[in-house]
Amino acid sequence: MKRLFWPLAVVIVAAILGAAGLLIAHAAPPAPVAPPDTIATLRPTASPSPAPTTATTASGTPQATVTPRQAAQPRPQPTGPWAVVRAYYRDVDAHNYAQAWALISPALATFETYQQFVAGYACTGTEQPTKLGQSGHQVRFNLTVLNDCTGAAQYYTGADTVRGGKIVASDVTRAG
């Protein structure tokens, strides 16, 4: 009987650990998806990505090596509602779309893909928000936008709700 106990115990423990691992893997929330590193930029960048170089190995076979892009310096995450709204429009104005996208809550971001988000700003030039007021997590503002395609100024009024450093709700409409 003792001969069967240890092999049976090993099999049972392995089965329990395997089942627990499957439960944990399926119960974990999906990791957030970051915007792709390779996006079409609307304007030329000041420092282009380095081109791949080719090195020759000892066997004479060429092998490509790619130098990774340098990541932008991380900046402090704004947390106050007005700071988040202002940072969002500053990032859009500077065509830092990945940083602007990061300020939108995942629930709000489900209404469009990152590529649609970027394409939506194709003609957007400068954006200048002006704070009208704040009540708790909600900020009311006016927004002046210069349309680069037509050269016309457009005026909007809006209210964004910010929680946890992310815009969770937005209601921006064209004024006039």
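**Exercise 1.** How many disulfides does a search of the whole structure find? Identify the cysteines and describe their link.

*Solution.* The model is a predicted one. A search of the whole structure finds one disulfide. In general, a disulfide is a covalent bond between the sulfur atoms of two cysteines. Here the partners are Cys-123 and Cys-149, whose sulfur atoms are 1.7 Å apart, which falls within the cut-off of 2.5 Å. The angle about the S-S bond is -80°, and the link of Cys-123 and Cys-149 is left-handed. The pair joins distant parts of the chain, 26 residues apart: Cys-123 belongs to the loop between helix 5 and strand 3, and Cys-149 to the loop between strand 4 and strand 5.

**Exercise 2.** Classify Cys-123, Cys-149 and Thr-150 as buried, partly exposed or exposed.

*Solution.* The class is buried under 20% relative accessible area, exposed over 50%, and partly exposed in between. Cys-123 has 28%, so this residue is partly exposed. Cys-149 has 52% and therefore counts as exposed. Thr-150 has 58% and therefore counts as exposed. Thr-150 lies in the loop between strand 4 and strand 5.

**Exercise 3.** Describe the order of the elements along the chain.

*Solution.* The protein contains five helices and six strands. Read from the N terminus, the order is α-β-β-α-α-α-α-β-β-β-β. Of the contacts with a separation of 6 or more, 40% are between residues 24 or more positions apart.

**Exercise 4.** Where is Ser-105 found, and is Ser-105 buried or exposed?

*Solution.* Ser-105 is located in the loop between helix 3 (97–102) and helix 4. The relative accessible area of Ser-105 is 7%, so this residue is buried. Buried residues make up 22% of the 176 residues in the protein. Once neighbours within four places in sequence are set aside, Ser-105 has contacts with Lys-166, Ile-167 and Val-168.

**Exercise 5.** Describe the second largest pocket and its lining.

*Solution.* The second largest pocket holds about 540 Å³ of space. Its lining has 27 residues, and those nearest the centre are Tyr-88, Tyr-89, Tyr-121, Ser-170 and Val-172. Among the elements that each supply at least two lining residues are helix 2 (81–93), helix 5 (114–119) and strand 3 (124–135). Strand 6 gives the most, with six residues. By type, the lining divides into 15 nonpolar, seven polar and five charged residues.

**Exercise 6.** How many aromatic pairs does a search of the whole structure find, and which residues do ring pairs link into a cluster?

*Solution.* The search finds eight aromatic pairs. Ring pairs link Tyr-88, Tyr-89, Tyr-97, Trp-101, Tyr-114, Phe-117, Tyr-121 and Phe-141 into a cluster.

**Exercise 7.** Examine the backbone of His-95.

*Solution.* Most residues other than glycine have a negative phi. Phi of His-95, however, is positive, near 60°. His-95 lies in the loop between helix 2 and helix 3. With a relative accessible area of 22%, His-95 is partly exposed.

How values were computed: Residues numbered from 1 in each chain as written. Predicted model: local features only at pLDDT ≥ 70, side-chain atom pairs only at ≥ 80, totals over all residues. Heavy atoms only, no water. 1 Å grid on protein atoms, 1.4 Å probe; cavity = no way out; pocket = protein on both sides within 12 Å on 5 of 7 lines; lining within 4 Å. Points joined across faces, edges and corners; volume = space filled by probe spheres on them. Helix = DSSP H or I, 4+ residues; strand = E, 2+ residues; numbered from the N terminus. Nonpolar A, V, L, I, M, F, W, Y, C, P; charged D, E, K, R; others polar. Buried < 20%, exposed > 50% of the residue type's maximum accessible area, 1.4 Å probe, protein only. Contact = heavy atoms within 4.5 Å. Phe/Tyr/Trp six-rings, centres within 6.5 Å; stacked < 30°, edge-to-face > 60°.
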